[in-house]
Amino acid sequence: MPSPFPGMGVCLMGPDLSAESVPPPRTTGPDLHGTDSKSRSTDTRDRGAGTITAIGICLILLGFSVAALVLVQTSVGAVQAATAADLAALAGADALRGLQPTGQRSGPVTGSASGAAAGPGPAGACGVAGEVAARNNAALRKCSADPEAGILTVEAQVRVPALPYPATATARAGPPG
């Protein structure tokens with residue numbers, strides 16, 4: 001039975017399924033990509049090109065991941081430095097005005113780096129600010145006090161593991177109003 005479609009061979013749906021009705025497979029000529037199948041099997045210049053491309057893509061993705069990690073750590077370090085500076089400035093301003101939590105006695109602050117008195121005055125206020133900064137994993141770089149206005153300005157820094165320089169933040173606190 002001839003095929004109703006030209007170039008498609010014989011229709012195998014009928015009762016005649018003999019070997020003569022099935023065309024032999026094509027062994028030469030262009031394949032689906034339009035290249036000769038014989039020349040494609042012997043061309044070795046592009047062998048491994050897919051592997052090299054995949055490795056390159058993985059390395060690019062790894063580079064982007066490392067860059068994102070550094071940016072995230074920088075952001076976290078900046079937030080930690082800002083938090084430590086804010087808290088240190090608030091505690092130091094309270095100490096500058098002579099405010100202390102209930103039940104705490106006046107005198108040297110235990111564990112402070114400078115060992116300054118916790119009473120009113122610039123030295124005591126900066127000592128309290130340094131202690132609060134240390135409790136928040138930061139180091140106090142600068143501390144300046146204005147006793148007349150009751151304002152304390154501090155600068156705190158936090159080490160960022162992925163960067164060679166620390167994250168710094170400045171805060172200022174004083175009496176309300």
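**Exercise 1.** Which residues does Ala138 touch, not counting residues up to four places away in sequence?

*Solution.* The model is predicted, so local features need pLDDT of at least 70 and side-chain atom pairs count only at pLDDT 80 or more, while totals for chains, interfaces and linings use all residues. Residues are numbered from 1 along each chain as its sequence is written, and side-chain values use heavy atoms, with hydrogens and water left out. Contact means heavy atoms within 4.5 Å. With residues up to four places away in sequence set aside, Ala138 touches Ala84, Ala133, Ala156, Gln157 and Val158.

**Exercise 2.** Identify the residues of the largest nonpolar core that touch the most other members, and state which elements supply the core.

*Solution.* A nonpolar core is a set of buried Ala, Val, Leu, Ile, Met, Phe, Trp, Tyr and Cys residues joined through side-chain atoms within 4.5 Å. Buried means under 20% relative accessible area, exposed over 50%, and partly exposed in between (1.4 Å probe, protein chains only). The largest core has 25 residues, and Ala85, Ala88, Ala138, Leu152 and Val154 touch the most other members. At least two core residues each come from H2, helix H3 (122–135), strand E2 (151–158) and strand E3 (167–173). H2 gives the largest share, eight residues. Helices (H or I, at least four residues) and strands (E, at least two) are DSSP runs, numbered from the N terminus. As background, nonpolar side chains tend to be buried together in soluble globular proteins.

**Exercise 3.** Describe the disulfide of Cys126 and Cys143 and the setting of each cysteine.

*Solution.* A disulfide is taken as a pair of cysteine sulfur atoms within 2.5 Å. The count by this rule is one. The sulfur atoms of Cys126 and Cys143 are 2.0 Å apart, and the link is left-handed, with -90° about the S-S bond. It joins distant parts of the chain, with Cys126 in helix H3 and Cys143 in strand E1 (residues 139–146), 17 residues apart. Cys126 is buried because its relative accessible area is 19%, whereas Cys143, at 25%, is partly exposed.

**Exercise 4.** Compare the salt bridge of Glu131 and Arg135 with that of Glu155 and Arg141.

*Solution.* A salt bridge is a side-chain nitrogen of Lys or Arg within 4 Å of a carboxyl oxygen of Asp or Glu. The count by this rule is four.

1. The side chains of Glu131 and Arg135 meet at 2.6 Å, N to O. Because they are four residues apart in helix H3, about one helical turn separates them. Glu131 is buried at 11% relative accessible area, while Arg135 is exposed at 64%.
2. The side chains of Glu155 and Arg141 meet at 3.3 Å, N to O. This pair links distant parts of the chain, with Glu155 in strand E2 and Arg141 in strand E1, 14 residues apart. Glu155 is buried at 14% relative accessibility, and Arg141 is partly exposed at 45%.
3. Arg141, Lys142 and Glu155 are linked in a network of salt bridges.
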